[in-house]
Amino acid sequence: MKAVILYILMLSSSMVNKMQNNMEFWLNTDYAQFNLVDGNEAEIANNLWTDEEDFNSRIEVSEGVMGIRTERSGKIKVIVEVFDKKPDFESPNDYDHIVECSIEIKSGHLMIKNCPDFELVKDIRLPVGLYRIRVSSANLSTVDSDYSGEDYYRLSIWNEKVMSARNVLKQYIE
């Protein structure tokens, strides 16, 4: 009986991972950013983007909110992939900017919200824990002054044992 229950739990867990494994969607945002939020954090911390290093790294975390800087405002494409462990990085040359940062998920929900309205775009269910998020930004040089462009943003998410410092793996130079 225990083996059957364990099998069912493993099967349902792998089905959840497969369902969340790859999501692609468009979001509308202003101020060239969107946010990842632990659950229903009420508001964005006032100290996001106050530091030049944060701005240049294109990622900032403060108390359950992760700001991701985009190259433009408007309708942007986002791809989200959730992994059981740290994924291999297949093709860094396909991206202009790559940065990793950690966030703690206490609520079991990683919510993607637009800016400045803070409206929910996607709700990703994750077990409570520490997560590493790799943001890979592509086609940044295609963005024009009228905010048109072919830029997109890939979020790779995996569980980690210990919070790690932000790490810029590839810096985009404008």
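**Charged pairs and burial**

Modeller: Buried means under 20% relative accessible area, exposed means over 50%, and partly exposed lies in between (1.4 Å probe, protein chains only). This is a predicted model, in which local features need pLDDT of at least 70 and side-chain atom pairs count only at pLDDT 80 or more, while totals for chains, interfaces and linings use all residues. Residues are numbered from 1 along each chain as its sequence is written, and side-chain values use heavy atoms, with hydrogens and water left out.

Colleague: With which residue does Asp54 form a salt bridge?

Modeller: In general, side chains of opposite charge can pair when their charged atoms come close. A salt bridge is a side-chain nitrogen of Lys or Arg within 4 Å of a carboxyl oxygen of Asp or Glu. Here Asp54 pairs with Arg166, their closest N and O atoms being 2.8 Å apart. Arg166 lies in the loop between β10 (152–160) and β11 (167–170) and Asp54 in helix α2 (residues 52–57), so the pair ties together parts that are 112 residues apart in sequence. Helices (H or I, at least four residues) and strands (E, at least two) are DSSP runs, numbered from the N terminus.

Colleague: Is Arg166 buried, partly exposed or exposed?

Modeller: Arg166 counts as partly exposed, at 27% relative accessibility.

Colleague: How many salt bridges does the structure hold?

Modeller: There are 8 salt bridges in the structure. One of them joins Glu71 to Arg58, with the closest N and O atoms 2.4 Å apart. This pair links distant parts of the chain, 13 residues apart: Glu71 is in the loop between β4 (65–69) and β5 (74–83), and Arg58 in the loop between α2 and β3 (59–62). Glu71 is buried at 18% relative accessible area, and Arg58 is buried at 2%.

Colleague: Which residue pairs with Glu81?

Modeller: The partner of Glu81 is Arg154, and the closest N and O atoms are 3.0 Å apart. Glu81 belongs to strand β5 and Arg154 to strand β10, so that distant parts of the chain, 73 residues apart, are linked. Glu81 is buried, with a relative accessible area of 15%.
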